[in-house]
Amino acid sequence: MAKSNKKQAITMKEIKRQKFLLIWSAVFVIYGIIFYYVPLGGWIMAFQHYKPKTGLLHSKFVGLDKFKFLFYDDVFLKVIRNTLAMGILTLVATFIMAIAFAILLNEVKSMFAKKAIQTISYLPHFLSWIIVCGILHDALSGSGIVNEVLVGLHILKTPINFFAHPGYFWPIVAFANVWKETGWNAIIYLAAITSIDPCLYEAASIDGGGRWAKIRHITLPGIRPTIMILLIMNIGNVLNTSFEIPYLLGNGLIKSVSDTIDIYVLTWGISQSDYSLGTAAGIFKSIVSIVLILIANSVAKRSGGERLF
Amino acid sequence: MKFRKYFVTLMAAAMATGMLTGAVSAEEYSDDQIKDYTMFIAMPGSEKNDGNEVKEIIAHKIGGRVKEIWLTGQTDAEAVGTIIASGEYPEFINGGDAMAALYDADVLVAWDDYIDNYPNLKEMYTDKEWDMFRQEDGHIYWANVFGNTYGMSKATTHNDEAFWIQAKVLEWAGYPQIETLDEYFDVLEKYYEANPTLEDGTKVIPYTMLCEDWRYFCIENAPEFLAGYPNDGSVIVDKENMQIVDYNTIPIAETYFRKLNEEYSKGIIDIEFGTQTYDEYIAKLSTGAVLGMCDQWWDFAYTVNDVFKQQGLDIAGCNYVPLGLVAEKGQENRWHTYGDTLNNSSGVAITTSCDDVEAAFQFLNDLLDQEIHDLRFWGVEGVDYLVDENGLYYRTPEMRMQVADNEYKASHMCDYSYMPQWGGTSKDGINAMTPTEQTSEFFEGLAEPLVKCFEAYGAGNYPDMIHSVVEENAPWFPMYSFSNAMTTETEGGVAWTKMGEVKHEWLPKVVMSDDFDTTWAEYMEAYNATNPEAFLAEMQEELERRAAAAAE
Amino acid sequence: MKKRSFADIAFTICNSLFMIAFVVITLYPVLNTVAISLNDGIDAVRGNIHLLPRAFTWKNYGTVLRKQNIVTGAYISVARTILGTLIALVANALLSYIVSRKRFMFRSQLSLFWVITMYVNGGMVPILLLYKSLGLTNTFWVYIFPGIIGAFNMLVMRTYMEGLPDALEESAQLDGAGYMTIFVKIISPLCKPIYATVALFVAVGQWNSWFDAMLYNRMKDEYTTLQFELMKLLSSVMQQSGSATNQSTTAVSAVTPTSVRAAATVVTMLPIICLYPFLQRYFVAGLTIGGVKE
């Protein structure tokens with residue numbers, strides 16, 4: 001975007017003309033500074049032994065002590081692992097499902113069915129995580145529908161308590177995200193598919209290509225740029241996908257796989273009132289996010305595809 | 001004329017004594033004189049409706065009204081942390097295990113300058129007991145509201161922990177003597193085999209356990225009782241050597257969990273036990289489908305028994321009877337605590353956000369006034385209870401049914417349950433402070449299967465079922481009041497937190513394991529890695545301090 | 001017509017099965033919740049209710065709607081959704097308008113200023129302390145002010161506005177229109193789909209958020225929200241340890257029956273479920289054009 005933007009000479013006349021824009025930009029910048037940049041100043045707390053009584057100005061500086069505590073804490077290392085694992089698993093699963101769903105829905109020939117399915121597919125996106133977790137909890141409970149079906153089909157002999165076994169938790173998180181967002185995420189892919197030149201499909205038909213072949217050789221390459229850019233945009237959010245479900249559905253038994261950085265921040269920062277440690281963990285999370293997005297962007301750049309900046 | 005003069009003198013005398021004893025004046029407060037307070041209680045509870053009738057009556061009598069906000073969806077520490085961080089506090093707070101955080105954050109008002117002006121409040125504890133509430137800086141910031149007996153104890157319930165079993169199971173089995181875990185599970189298994197479902201088709205759950213948050217004591221602390229020790233909570237005190245013993249690692253603990261593991265693999269223990277929430281647990285018990293569990297009476301009985309009554313399940317024999325199990329037949333037990341338990345680690349406090357501290361103290365004081373206390377726990381005379389010619393309070397069966405109804409409780413009854421209160425005998429010398437302790441009420445309200453069960457075992461009340469050793473509490477009792485107040489500032493406190501985490505994770509795992517020995521060994525390894533010695537050393541130190549203080 | 005190949009038919013069948021499974025998995029939990037909410041509470045505990053209630057009753061909805069906090073929560077949720085969406089829509093539109101003006105002198109700097117906020121934020125604790133010092137905690141405004149501008153919404157709108165022909169702006173300028181007039185009279189009417197899309201984003205976010213109510217207004221029942229009240233009803237978490245023996249002799253929480261929770265869930269999801277199919281046309285168009293540059 002920057003390329004096409006020729007630098008304007010800043011003249012008085014230009015300033016006058018753009019007065020409206022300038023005044024409002026100033027308002028937005030002030031707003032942004034207060035609500036987004038001032039909290040970054042709070043990062044100082046991470047290097048202090050912050051006490052509400054003494055405040056930012058008079059609390060004792062302790063250097064990197066809080067970070068040292070983090071990295072010597074087994075729990076924190078596990079928490080990082082869990083956050084990344086859940087984030088990546090969720091990202092991969094939702095991506096594949098959304099693309100698959102978009103492609104398969106595109107193959108549905110009846111217009112009515114297509115519209116109806118699509119409308120239904122958006123529904124879970126509009127439900128809050130509170131509701132989704134409530135549903136998940138009931139569905140996966142010992143007497144829930146999942147156990148009922150599995151036992152009914154003789155896949156299981158006796159019901160399983162899914163939330164009691166660490167092994168199930170990450171897949172449950174990924175599944176919940178898939179359930180909630182597949183339809184919604186597919187919107188953009190569906191649009192991208194529609195914009196593929198129909199001539200390509202006709203040509204393939206003449207060459208005797210089946211539907212499967214067309215999907216592989218025309219549809220998928222056609223939406224590749226869309227996939228790439230969405231992937232990059234979402235990689236920065238990998239660490240943000242894992243708060244609600246672990247918070248609402250975690251329990252003592254699976255704590256070692258369900259606790260995430262956000263929950264760690266909440267436990268230390270709020271429950272134990274150790275604001276410094278909570279802040280330090282938060283900083284770490286921000287840094288990892290940035291690193292992830294930079295890596296994704298440069299990978300995309302190198303592979304010659306789309307990129308964000 | 002003479003009569004009139006006599007009457008006036010009497011009135012004057014009554015008023016004078018009224019003033020002196022700090023009794024509530026007859027004067028009513030008008031709507032705009034009533035002060036509104038907020039109180040946060042770090043426990044789950046049920047909200048009262050706006051305009052709750054008894055709450056209004058009390059408000060007009062003593063000029064104060066409290067909106068109670070209960071813990072929901074968070075741990076107590078998290079909720080208290082949130083409140084501290086927000087910078088605006090409710091006037092009253094009962095912070096559960098998180099009182100220490102409130103003290104650290106300087107948000108509580110010290111009681112020292114006020115307490116002497118409020119006789120009802122002061123009366124709750126002896127000077128020596130008040131001293132136990134003093135924090136590091138030497139001040140008192142809160143008072144526990146529970147476990148105070150006025151006059152003679154009227155306890156008919158076993159307000160403690162036990163292995164509980166439904167009365168109908170005992171009846172079915174012919175009222176056998178059950179002393180050990182093996183015998184207990186044996187009865188459950190046999191009954192379950194004969195009755196796998198309830199009449200309506202609901203599947204019977206022979207045994208369940210709660211492992212949620214701090215309520216995991218339901219699975220965790222049975223070894224201390226099985227070994228015959230009283231409820232010191234976090235540790236066993238070996239009186240002979242004055243030594244702290246860790247009940248997590250004694251052989252009885254291993255036997256107990258081995259037994260649970262065995263029963264789990266037999267399908268006797270509820271598969272959801274490890275993950276169920278308190279609400280789910282209570283809901284399960286309320287269906288009458290659960291035959292037995294290990295729990296504290298106050299943790300389930302008030303809710304569950306009311307539901308049983310409403311559903312007619314009490315007549316079907318679903319009520320739970322306590323059993324004082326021990327590791328070996330014939331061993332003595334201390335499941336029942338006969339004396340009062342003073343837990344100085346939590347209680348009700350007034351925060352610095354309260355703009356009229358004196359009025360707040362006056363309110364607390366007035367809540368203990370007998371008239372108000374009766375309103376709180378008995379309700380309105382003529383509506384919720386009647387008085388016979390001897391001054392004895394009683395309820396009709398309809399009244400009992402009515403006060404068991406949740407809707408009614410929310411709209412009519414207001415006990416301010418986390419505010420100062422008494423157990424034992426009323427100041428009128430006749431009644432019990434609370435209906436649950438009124439002997440006549442207790443027997444009247446008892447469902448037939450329970451009466452039959454008590455008769456069969458020759459028991460007059462719940463504690464008689466347990467056969468605990470009758471003794472005075474040791475001066476250091478209960479040790480949990482120290483461990484509850486530990487913070488991560490000390491090495492022992494860090495160990496304590498980690499021990500809790502390890503146990504939360506591993507105890508259910510141990511029970512569910514396919515290979516008990518291996519899992520137990522893994523658990524022990526994880527447990528020992530938390531440095532329990534540091535915790536035990538601090539407990540030992542406190543034990544010695546308390547013992548020495550008592551010897552003075 | 002050419003005879004369909006075996007592979008083609010197989011594909012169609014598999015695809016139909018997949019779609020049926022998809023629809024069932026998506027709809028079943030929602031319909032099941034509705035069924036339970038219409039079933040008698042005590043009976044529901046026995047389980048085995050699927051798509052139809054076994055013992056039909058409206059009672060659960062009565063119970064839910066009689067809860068003072070839920071009613072308050074509903075008012076607050078509606079208020080924050082309407083107010084929050086209006087303010088955010090105007091602010092985001094204006095900001096996007098500014099950064100999409102090709103002649104604007106700080107165009108790229110302003111964009112960058114906001115894009116950064118997407119990836120770097122102060123974290124829970126500093127933000128909480130900030131709101132506290134701004135006096136936002138324990139007020140209704142904590143739901144409104146922090147979310148006025150969202151960088152993602154700005155990006156989506158900017159992309160859309162950049163796609164509009166420059167000639168529109170130029171001809172208006174020749175007619176002597178200022179930037180404000182162009183924004184209100186020329187650009188905004190063309191941006192209806194993207195405005196609707198962003199409004200929907202913000203509204204859904206506002207309606208569904210609960211954490212802010214819990215963190216900033218824990219003690220203020222008068223500012224509680226529907227989602228937070230629902231969370232309280234459904235609450236099932238707990239990490240943490242501790243082994244208190246806090247005895248309460250009388251107060252134990254009355255259990256919320258599954259059916260009442262289900263009714264509360266339905267009450268909470270109903271407004272948005274009823275609304276979204278009608279907005280579908282807008283958000284699909286808005287997302288498609290604004291979301292990705294072709």
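In which sense do strand β1 and β2(B) of chain B pair, and over how many bridges? Strand β1 (residues 35-41) of chain B pairs with β2(B) in the parallel sense, over seven bridges. Strands count as paired if DSSP finds at least two bridges between them. Within this pairing, K35(B) stands opposite G64(B) in β2(B).

The model is predicted: local features need pLDDT of at least 70, side-chain atom pairs count only at pLDDT 80 or more, and totals for chains, interfaces and linings use all residues. Residues are numbered from 1 along each chain as its sequence is written, while chains are lettered from A and ligands numbered from 1 in the order in which they are written.

The β1-β2 pair of chain B belongs to an open sheet of five strands. Its order is β2-β1-β3-β12-β4, with mixed pairing. Strands β2 (64-70) and β4 (142-143) of chain B form the edges, each pairing on one side only. Strands (E, at least two residues) and helices (H or I, at least four residues) are DSSP runs, numbered from the N terminus.

Chain C is divided into domain 1 (14-57) and domain 2 (69-233 + 255-291). These bounds come from an automatic or database domain assignment. The domain centres, taken over C-alpha atoms, are separated by 33 Å. Nine residues of domain 1 of chain C are in contact with eight residues of domain 2 of chain C (C-beta atoms, placed from the backbone, within 7 Å). On the domain 1 side, α1 (6-37) and α2 (41-44) of chain C each give two or more residues. The largest share, four residues, comes from α1(C). This side divides into four nonpolar, four polar and one charged residue. Ala, Val, Leu, Ile, Met, Phe, Trp, Tyr, Cys and Pro count as nonpolar, Asp, Glu, Lys and Arg as charged, and the others, Gly among them, as polar.

Definitions and conventions
Contact = placed C-beta atoms within 7 Å.
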